[in-house]
Amino acid sequence: MQFTDLKAQYQANRENINARIQAVLDHGQYIMGPEVAELEARLAAYCGARHCISVASGTEALLISLMALGIGRGDEVITTPFSFIATAEAIVLLGAVPVFADIDHATCNIDPALIEDKISARTRAIMPVSLYGQPADMEAINAIAARHGLVVIEDAAQSFGATYQGKHSCNLSPIGCTSFFPSKPLGCYGDGGAIFTSDDALAEAMREIRVHGQSRRYVHTRIGVGGRMDTLQCAIVLAKLDNFEWELQQRARAGATYDALLSGKLGLVSRPRDRSCVFAQYTVVLDEREPVQAILHAAGIPSTVHYPVPMHVQPAYAGWCGPHDAPVALALAAKVLSLPIGPYLDDASITQVCATLLGALGLAAPGTAQPSANPG
Ligand SMILES: *Cc1c(COP(=O)(O)O)cnc(C)c1O
């Protein structure tokens, strides 16, 4: 069993992907070829944002967004400690300070009730992460930002395709950033990412920053980076987009099968009804994780931990904060376990994962999979 089955995805979409790659090889415009603008137009329309700016990675999307806002030395950005390190990395690379607000124990996303306490005269932005594929509580976060004149940047690297109160992730705040890392819900075959905004001035700044701050050829209006997404990667995402709605349905099916087999039996990440989850991960919460993970491993079932060490206690980040800043994240880091999931994982495999997991916990193995309602 694969944790994320990229080979099955390729086989299912092979003709379209191959044709798209061949078209790029035939026209030869490897940098800023026609597929780049085509992808940006399709993704912007999909999310409902006025602009999509494709970039070299999800990390670069966060970095370029912060640069476009002029965030730098001495500025503070409030974020979650429970994420991939890139979220905080983009902040510190610019000389700004990450201020960690703890997570909500039920959703594992930043707890809006803890944000206001962290706001100081130097705070410029709030950067929530839509962890595991489910948007954070963006309505509450946007309201806090509006009260204090802050910008909200959604780190939607795991949640492309998810919705919140009927709107798409990446378009839930002034700036949304996503990643096309191969294993993300919408992935390419290398590195790639995108920024979404409906602000024309920010979009122009982002477009310039992504190519060395160039406003015209060899005229460098701003400090920028080499942050373009290449044409081949854009072509691959275009091919995968043709089948993306079906894949989202299959992700929802896989999540519902897990829910039906596990809810009420062990801890699950809660999923409020006003948003959807694209299941970048299907994560359970276990009191004794390591023995369970060993039993899964012995049965040939891969699992991983997102994330074993929260950012606020990472050695390189210890100067900015300490363990007391986010006890909930610290506790959950010892308990979360992500199980295999994806559009190509069938219900029989999910049943096998759940039977092994429940067996490891000394709980009765379930019978057949009956998809049930969201656990709420
Ligand atoms: C994957 C990820 C990133 C970084 O994306 P890359 O494309 O790998 O640079 C940033 N934030 C989160 C939450 C992620 O999961």
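Q: Buried means under 20% relative accessible area, exposed over 50%, and partly exposed in between, using a 1.4 Å probe and protein chains only; which of these classes does Arg124 belong to?
A: Arg124 counts as partly exposed, at 31% relative accessibility. This is a predicted model, in which local features need pLDDT of at least 70 and side-chain atom pairs count only at pLDDT 80 or more, whereas totals for chains, interfaces and linings use all residues. Residues are numbered from 1 along each chain as its sequence is written, and side-chain values use heavy atoms, leaving out hydrogens and water.

Q: Which residue meets the side chain of Arg124 in a salt bridge?
A: A salt bridge is a side-chain nitrogen of Lys or Arg within 4 Å of a carboxyl oxygen of Asp or Glu, and here the partner of Arg124 is Asp75, at 3.2 Å from N to O. Helices (DSSP H or I, at least four residues) and strands (E, at least two) are numbered from the N terminus, and on that scheme Asp75 lies in the loop between α3 (58–68) and β2 (76–79), while Arg124 is in strand β4, 49 residues apart, so that the pair links distant parts of the chain. Asp75 is buried, with a relative accessible area of 15%.

Q: How many salt bridges does a search of the whole structure find?
A: The search finds 13. Among them is the pair of Arg222 and Glu208, whose closest N and O atoms are 2.8 Å apart; Arg222 sits in the loop between β11 (219–220) and α7 (231–241), and Glu208 in helix α6 (residues 200–210). Arg222 is partly exposed at 32% relative accessible area, whereas Glu208 is buried at 8%. Glu290 and Arg289 also meet in a salt bridge, at 3.1 Å from N to O, with Glu290 partly exposed at 45% and Arg289 buried at 6%.

Q: At what angle do the axes of α1 and α2 cross?
A: Two packed helices are described by the angle between their axes and the distance between the axes. The axes of α1 (residues 6–27) and α2 (residues 34–47) come within 10 Å and cross at roughly 140°, where axes are lines fitted to C-alpha atoms over the stretch in contact and angles run from 0 to 180 degrees between N-to-C directions. The two helices are therefore oblique to each other, since angles under 35 degrees count as roughly parallel, over 145 as roughly antiparallel, 65 to 115 as roughly perpendicular and the rest as oblique.

Q: Which residues of α1 and α2 meet?
A: Contact means heavy atoms within 4.5 Å, and by this test Arg20, Ala23, Val24 and His27 of α1 meet Pro34, Glu35, Glu38 and Arg42 of α2.

Q: Which residues of helix α5 are buried?
A: In α5 (residues 138–148), the buried residues are Met138, Ile141, Ile144 and Ala145. They lie on the same side of α5 because they cover an arc of only 125° around the axis, the arc being that of the directions from the helix axis to the C-beta atoms. These buried residues pack against β4 (123–127), β5 (151–155) and β6 (163–164), whereas the face turned away carries the exposed residues Glu139, Ala146 and Arg147. The helix is followed by Gly149, whose phi is positive, near 65°.
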